[in-house]
Amino acid sequence: MKRLQENKNLTLVYGNQYQGMPIYNSPDGLVREYLDRTFNVINCALNDYANVYAFRVDISFPSNWVMYEDQVAIYIDGFVRAFRNRINSNNTEIKYPTALRYIGTREYTKEGRIHYHFMFFVNKNSYHTLGEFNILRRNLYTRLVTAYARALTIEPCEAMGYVHIPSNAGTFMKRGSLEGIGNAIYRASYLCKAYSKQYGNRKHSFLSSRG
């Protein structure tokens, strides 16, 4: 198996399948260690919940901000922590609570601008949609945006411009259903691509929840 040139601790996977499941076929390969962590997060979610809602989110930063690696990590840690706190707080008000699981990756544009891709996983009985993209609503989208606003210490209406929801962002997994699980793995595997990341700077390019 080929090692990643910029980081010999990482190995590359090529093709359109991994462990019998469909994956994004990147010409530059996917990082096997990131794929393994992705499979683990998905397995943990399905062990806890028979039905899982998974959704993609892209996170960027204001273009006029000077971004340093350490500061970016603080913002992102704060975002994930704030989002989890909002999920946990709402758990006391709904019939079916959920843990928040995720994978995330830090990537760079050709101009060197940092941005993040995330995929979150929750109990489908708790949330089955992000809801209307309106921060006046008490839905999953609002919790997501206000969490990022808190991390960046900006207003929620401003944070909406830096929280991008891709088209067809959400998908469902049912325990034992290979079609749904395979679709989610394929979407998640895009975050594992080697391309557009930076290595060797002692910073983590890939994030994931534990357990």
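This is a predicted model: local features need pLDDT of at least 70, side-chain atom pairs count only at pLDDT 80 or more; totals for chains, interfaces and linings use all residues.
**Entry 1: H2 and H3**

I began with a pair of helices. Two packed helices are described by the angle between their axes and the distance between the axes. Here I took helix H2, residues 69-91, and helix H3, residues 140-152. Their axes come within 8 Å and cross at roughly 140 degrees. How should I describe H2 and H3 relative to each other, oblique or roughly antiparallel? Roughly antiparallel needs an angle over 145 degrees, so H2 and H3 count as oblique. I also noted that H2 passes H3 in a right-handed crossing.

Next I looked up who touches whom. From H2, the contact includes Tyr 75, Phe 79, Phe 83 and Ile 87. Gly 78, Ala 82, Arg 86 and Asn 90 of H2 take part too. On the H3 side I found, among others, Leu 140, Leu 144, Ala 147, Tyr 148 and Leu 152. Arg 143 and Arg 150 are also among the H3 residues that meet H2. Sorted by class, this contact has 11 nonpolar, three polar and three charged residues.

**Entry 2: H1 and H5**

Then I turned to another pair, helix H1 (residues 32-48) and helix H5 (residues 178-189). Their axes come within 10 Å and cross at roughly 140 degrees. That makes H1 oblique to H5, and their crossing is right-handed.

Which residues of H1 meet H5? I listed Leu 35, Thr 38, Phe 39, Ile 42 and Leu 46. Their partners in H5 are Ile 181, Ile 185, Ala 188 and Ser 189.

I stayed with Ile 42, which sits in helix H1. Is Ile 42 buried or exposed? With a relative accessibility of 1%, which is under the 20% cut-off, Ile 42 is buried. Leaving out residues up to four places away in sequence, Ile 42 touches Phe 121, Met 173 and Ile 185. Ile 185 was already on my list of H5 residues that meet H1.

I also checked Ile 42 against Arg 101. They are 59 residues apart in sequence, and their C-alpha atoms are 8.4 Å apart in space. Arg 101 belongs to strand S7, residues 101-108. Arg 101 is buried as well, with a relative accessible area of 8%. Which side chain makes a polar contact with that of Arg 101? I found Asp 48, at 2.7 Å. Not counting residues up to four places away in sequence, Arg 101 touches several others, including Val 41, Cys 44, Ala 45, Tyr 49, Met 119, Phe 120 and Phe 121. Ser 209 and Gly 211 are among its contacts too.

His 117 is in strand S8, residues 114-123. Its relative accessible area is 9%, so I noted His 117 as buried. I looked for side-chain partners and found a polar contact with Asp 58 at 2.7 Å. The side chain of Glu 107 makes a polar contact of 3.3 Å with that of His 117. Beyond four places in sequence, His 117 also touches residues such as Arg 56, Val 57, Ile 103, Tyr 190 and Leu 191.

Most residues other than glycine have a negative phi, and most peptide bonds are trans. So where did I find a positive phi in a residue other than glycine? Gln 19 has one, near 50 degrees. Gln 19 lies in the loop between strand S3 (17-18) and strand S4 (21-22), and is exposed at 56% relative accessible area.

Thr 153 also has a positive phi, about 55 degrees. I located Thr 153 in the loop between H3 and helix H4 (156-159). With a relative accessible area of 70%, Thr 153 is exposed.

Note on methods. Residues are numbered from 1 along each chain as its sequence is written. Side-chain values use heavy atoms; hydrogens and water are left out. Axes are lines fitted to C-alpha atoms, for helices over the stretch in contact, and angles run from 0 to 180 degrees between N-to-C directions. Helices (H or I, at least four residues) and strands (E, at least two) are DSSP runs, numbered from the N terminus. Angles under 35 degrees count as roughly parallel, over 145 as roughly antiparallel, 65 to 115 as roughly perpendicular and the rest as oblique. A crossing is left-handed if the near helix is turned anticlockwise from the far one by less than a right angle, and right-handed if clockwise. Contact means heavy atoms within 4.5 Å. Ala, Val, Leu, Ile, Met, Phe, Trp, Tyr, Cys and Pro count as nonpolar, Asp, Glu, Lys and Arg as charged, and the others, Gly among them, as polar. Buried means under 20% relative accessible area, exposed over 50%, partly exposed in between (1.4 Å probe, protein chains only). A polar contact is a pair of N or O atoms within 3.5 Å; within protein, one must be able to donate a hydrogen and the other to accept it, and residues adjacent in sequence count only if both atoms are side-chain atoms.
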